[in-house]
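Reader: Could you walk me through how the helices pack here, and where the open space lies?
Author: Happy to, let's take a look together.

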Amino acid sequence: METQRTTEEGFLSCLTWMNSVAIFNHQTDGGGMTRPEFLKHLREACAEILEKDCSQVNERDELTNIGLDSMGCIDLVTSMEQRLGLLIPDGFLEGVKTVGHLLDVVEKCDGNPTYWTPDRRASPP
């Protein structure tokens with residue numbers, strides 16, 4: 001009985017791994033959103049967080065210079081994840097200092113279903 005259970009657990013573990021590899025290797029255009037569209041979402045999120053007009057925020061702006069402290073940056077990333085159906089790994093955010101750097105991360109995650117939320121995977125754009 002114990003041998004059968006171990007075999008079944010091993011089989012299920014293998015299937016889970018194979019599914020993860022298949023999702024990781026499947027690249028897509030992420031629904032075709034353009035960089036200007038990502039910037040629009042970022043500007044809207046910044047405006048909500050900072051409660052000010054952020055329509056002039058551009059890719060060269062440093063996040064701290066537009067008024068975001070460390071908690072504000074976390075709020076911005078969380079807002080972008082929710083708006084776009086993404087799960088951005090913390091490691092991807094190391095060294096991100098400008099709006100353009102953050103947009104690079106968002107584009108990378110949007111283009112790979114590995115970083116999509118389960119809801120987004122269930123109904124791709």
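Author: A word on handedness before we start: a crossing counts as right-handed if the near helix is turned clockwise from the far one by less than a right angle, and as left-handed if anticlockwise. Please keep in mind that this is a predicted model.

Reader: Thanks! Which handedness does the crossing of α2 and α4 have?
Author: Helix α4 covers residues 99-110, and its axis lies 10 Å from that of α2. The two pack at an angle of about 115°. In this crossing, α2 passes α4 in a sense that is right-handed.

Reader: How many residues of the contact of α2 with α4 are nonpolar?
Author: On the α2 side, R35, F38, L39 and L42 take part, and they meet α4 residues including V99, L102, L103 and V106. By class, the contact has four charged residues and one polar, while the nonpolar ones number seven.

Reader: Are α2 and α3 parallel or oblique to each other?
Author: Helix α2 spans residues 35-50 and helix α3 residues 70-84, and their axes come within 9 Å. They cross at roughly 130°. Angles over 145 degrees would count as roughly antiparallel and 65 to 115 as roughly perpendicular, so the pair is oblique.

Reader: And how many charged residues are in the contact of α2 with α3?
Author: Among the residues making this contact are F38, H41 and E44 of α2, and D75, M80 and R83 of α3. They divide into eight nonpolar and three polar, with the charged ones numbering four.

Reader: Now the largest pocket: which element gives the largest share of its lining?
Author: About 320 Å³ of space lies in this pocket. Of the 16 lining residues, the closest to the centre are L63, S70, C73, I74 and V96. The largest share of the lining, seven residues, comes from α3.

Terms used: Residues are numbered from 1 along each chain as its sequence is written. This is a predicted model: local features need pLDDT of at least 70, side-chain atom pairs count only at pLDDT 80 or more; totals for chains, interfaces and linings use all residues. Side-chain values use heavy atoms; hydrogens and water are left out. Axes are lines fitted to C-alpha atoms, for helices over the stretch in contact, and angles run from 0 to 180 degrees between N-to-C directions. Helices (H or I, at least four residues) and strands (E, at least two) are DSSP runs, numbered from the N terminus. Angles under 35 degrees count as roughly parallel, over 145 as roughly antiparallel, 65 to 115 as roughly perpendicular and the rest as oblique. Contact means heavy atoms within 4.5 Å. Ala, Val, Leu, Ile, Met, Phe, Trp, Tyr, Cys and Pro count as nonpolar, Asp, Glu, Lys and Arg as charged, and the others, Gly among them, as polar. On a 1 Å grid over the protein atoms alone, a cavity is a set of points where a 1.4 Å probe fits but cannot get out, and a pocket is an open set with protein on both sides within 12 Å along at least five of seven lines; lining residues have an atom within 4 Å of a point. Grid points are joined across faces, edges and corners, and a volume is the space filled by probe spheres set on the points.
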